[in-house]
Amino acid sequence: MRCASRRTQSGSNMAYGHYLEPDWLPHVEAIIDVVSDENCGYRCIASGLGLADVDGWRIVRRRMYDEIIGYEDLWREVLGSSFETVNNAVHCPEKQDGASFKEWLTLPDMGLLVSTAFNVILVNLSHGSASTFLPLRSTPPSSLHNRLIIAMENERNIHWVMVQLCVNAPLPSLYPSWDRYVDDCAKGWRDGFVFRDIAPIATADDEATIPVVDLDTPRLKLVPRNLDG
């Protein structure tokens with residue numbers, strides 16, 4: 001299977017898409033790369049929210065920290081033994097520029113935290129862990145068009161990239177804990193969407209072109225991709 005790729009400033013090739021759930025490839029329109037540093041996961045969220053790439057990641061981490069501290073009782077229950085790990089990870093001192101390994105964005109641990117803090121639908125399309133996270137306590141917009149979807153995928157467990165889904169694409173199954181902790185007012189977030197574990201797979205003769213957008217260099221590069229490999 002050939003994956004969409006881009007050429008880095010150093011001249012090496014970076015291939016994306018190897019770690020996407022294969023059954024979801026027909027529903028992917030583009031892969032959007034972000035700066036490859038310790039905050040790449042937070043940068044994906046920031047980009048999806050339309051925040052400035054320079055310090056958007058910092059805003060995301062602080063907002064997540066405010067959420068987990070402001071509703072500590074809820075998140076202690078939701079996260080259980082992972083509470084302290086997540087709390088320490090999203091804490092972002094004023095002058096902090098980078099992030100250690102322990103501070104990286106991780107899914108599924110932070111999925112419900114992200115969706116609730118920003119009132120978005122967060123989709124993880126990483127192979128073996130595809131799932132959808134919805135807000136826990138906010139009333140959803142009445143129109144589906146006003147419900148922001150941010151989709152992501154983790155490459156080699158070291159780099160997050162954004163995934164642009166096709167219009168009306170199905171979403172992975174809901175993260176199980178959502179049903180357990182969601183407020184009644186937020187249950188409408190799942191209305192109007194199709195959630196499923198397996199989507200139709202392209203035939204051997206089907207090919208798709210998945211563009212990779214590098215946010216550092218806003219040029220579109222297309223590489224033909226055989227979906228069936």
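**Notebook: a helix pair and a serine**

I began with two helices: E72, W75, R76 and L79 in α3 meet F83, E84 and V86 in α4. Here contact means heavy atoms within 4.5 Å, and helices are DSSP runs (H or I, at least four residues) numbered from the N terminus. By class, I noted 4 nonpolar, no polar and 3 charged residues in the contact of α3 with α4.

This is a predicted model, where local features need pLDDT of at least 70, side-chain atom pairs count only at pLDDT 80 or more, and totals for chains, interfaces and linings use all residues. Residues are numbered from 1 along each chain as its sequence is written, and side-chain values use heavy atoms, with hydrogens and water left out.

Next I looked up confidence, the pLDDT (from 0 to 100 for each residue). The protein has a mean pLDDT of 79, with 74% of its residues at 70 or more. Residues 1–14 stay under 50, and the model gives them 40 contacts beyond four places in sequence. For residues 198–209 the pLDDT is also below 50, with 30 contacts beyond near neighbours in sequence. I remind myself that where pLDDT is low, the predicted coordinates should not be read in detail.

Last, I turned to S115, which is found in helix α5 (residues 111–118). Is S115 buried or exposed? S115 counts as buried because its relative accessibility is 0%; the cut-offs are under 20% relative accessible area for buried and over 50% for exposed, with a 1.4 Å probe and protein chains only. Leaving aside neighbours within four places in sequence, I found S115 in contact with V120, F133, L134 and P135.

How values were computed:
Nonpolar A, V, L, I, M, F, W, Y, C, P; charged D, E, K, R; others polar. pLDDT = per-residue confidence, 0-100.
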